[in-house]
Structures are given as C-alpha cells and as structure tokens.
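Reader: I'd like to learn how to read a fold on screen, one feature at a time. Could you walk me through it?

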Amino acid sequence: MESWVRKQLEEIMKEFQRIREEVARFEEELFQPFAAQEEKTVVPLYEVRRSSDKIKICADLAGVKDKESIDVRVEGNVLRIEAVFSKPFALEEFAFLRRGISRYKLEIPLPDNADVNNIKATFKRGILEVEVPLRVERFKVKVE
C-alpha cells in the first residue's frame, strides 16, 4: 500500500473516532435529565392475580442471585419491591442503557382491606411470589 493512501486512511479513521466521541458526548448531555432519576432501575415483568381472599403478585427477577438482594415493604397502601442484580446489565447500543441497569423496582397499590401484617413472600428460581391476604367480612343473611 502506498504511504499516501495509508496516511489518508489514518486521517479518515481519526475523523470517524472524533465524530463517534462527539455523538456520545451529545447523547450524554441530551439524555442526562431523563436518565438521572431512574437511570439504574427497571420494572420487572410481573403479574397480579386477585381472588376473593388474597392478591398474589409474581415478579420475574432474572439476574437476582438470592433473597438477601430483595427488599419487599409496604408504605401506606403501596407494596414496594426492590431487588439488586448480581451484576449490572448494559446495552451499549442504547444511550439510555449505556450506564447499565443494576436493580428492579416495582410498586403495586393495595386495596384498603389488605392485611399487611400477614404478607408472605418467597423467592425461587428467579421468581418472587408475594401473597397479600385480604380481610373479608362475612356475615350470614337470614332467609325469611
């Protein structure tokens, strides 16, 4: 390869690198206000089933290693679930996810008759199951 061709290719590659760095800097500045609040959290896949006497919540916490990495609590009438990934998850191609996601965060509103003192939670094979019993008023109706 001729030396002048090699020099031209090096100049072109330097220009591509400069443009790539400029685009990355621009994305960082543009998306920073949106990403700052929840930059490292994601809502897990979840399902809520309600029966006459309980609510069952199943959340897929793939990437969470053990139950010590999970925090389940009730604040007011909201069930809050937070879990930490065993290692952060990142997608290099997306500006929002370039920094990596490190935890799940889920909030489920509870009805007024939820018995929050008897909530049970189990974690097996990446699935968190939370059972919230409901206080049910039962009374007998006299048939006349």
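Reader: Let's start with strand pairing. Which residue in β5 is the bridge partner of Val72?

Author: The general idea is that strands of a sheet pair through backbone hydrogen bonds, either parallel or antiparallel. Here, Val72 has Ile81 as its bridge partner in β5. Strands and helices are DSSP runs numbered from the N terminus, with at least two residues (E) for a strand and at least four (H or I) for a helix. Two strands count as paired if DSSP finds at least two bridges between them. One caution before we go on: this is a predicted model, where local features need pLDDT of at least 70 and side-chain atom pairs count only at pLDDT 80 or more, while totals for chains, interfaces and linings use all residues. Residues are numbered from 1 along each chain as its sequence is written, and side-chain values use heavy atoms, with hydrogens and water left out.

Reader: In which sense do β4 and β5 pair, and over how many bridges?

Author: They are antiparallel: β4 (residues 70-75) and β5 (residues 78-89) share 6 bridges. Follow the pairing to Glu75 and you'll find Val78 of β5 opposite. The hairpin has 2 residues between the strands, and Gly76 takes a positive phi there, near 65°.

Reader: What does β5 do with β6?

Author: β5 and β6 (residues 101-109) run antiparallel too, joined by 8 bridges. To find your place, look at Ala83, whose bridge partner in β6 is Tyr104.

Reader: In what order do the strands of the sheet come?

Author: The order is β1-β6-β5-β4, an open sheet of 4 strands with mixed pairing. β1 (41-42) and β4 are at the edges with a single partner strand each, so one side of each has no neighbour in the sheet.

Reader: Now side chains. How do they point along a strand?

Author: In a regular strand, they alternate between the two faces of the sheet. For a worked case, take Arg73, which lies in β4. Arg73 counts as partly exposed because its relative accessibility is 41%; the scale is buried under 20% relative accessible area, exposed over 50% and partly exposed in between, using a 1.4 Å probe and protein chains only.

Reader: Which residues is Arg73 in contact with, leaving aside neighbours within four places in sequence?

Author: Those are Val78, Leu79 and Arg80, where contact means heavy atoms within 4.5 Å. The side chain of Arg73 also makes a polar contact with that of Asp71, at 2.9 Å. A polar contact is a pair of N or O atoms within 3.5 Å; within protein, one must be able to donate a hydrogen and the other to accept it, and residues adjacent in sequence count only if both atoms are side-chain atoms.

Reader: How many salt bridges does a search of the whole structure find?

Author: It finds 9, each being a side-chain nitrogen of Lys or Arg within 4 Å of a carboxyl oxygen of Asp or Glu. One of them joins Arg80 and Glu75 (2.8 Å, N to O). Both residues are partly exposed, Arg80 at 22% and Glu75 at 37%. Another joins Arg103 and Glu82 at 3.1 Å, N to O. That pair links distant parts of the chain, with Arg103 in β6 and Glu82 in β5, 21 residues apart. Salt bridges with shared partners also connect Glu75, Arg80 and Glu107 into one network.

Reader: Why are Glu15 and Arg18 about one helical turn apart?

Author: Because they sit 3 residues apart in helix α1. Glu15 is partly exposed at 36%, and so is Arg18 at 44%.

Reader: Which residues make the nonpolar surface patch?

Author: Met1, Leu9, Ile12, Met13, Phe16, Ile19 and Val23 do, over about 720 Å². Patch residues have over 30% relative accessible area and no salt bridge; nonpolar side chains (Val, Leu, Ile, Met, Phe, Trp, Tyr) are joined within 5 Å, and like charges within 9 Å. Areas come from the Shrake-Rupley method with a 1.4 Å probe, and for residues only the protein chains shown count as cover. Met13 lies in α1 (residues 3-38) and is exposed, at 53%.

Reader: And what is the order of elements from the N terminus on?

Author: It runs α-β-β-β-β-β-β-β-β, which gives 1 helix and 8 strands. Of the 144 residues, 19% count as buried.
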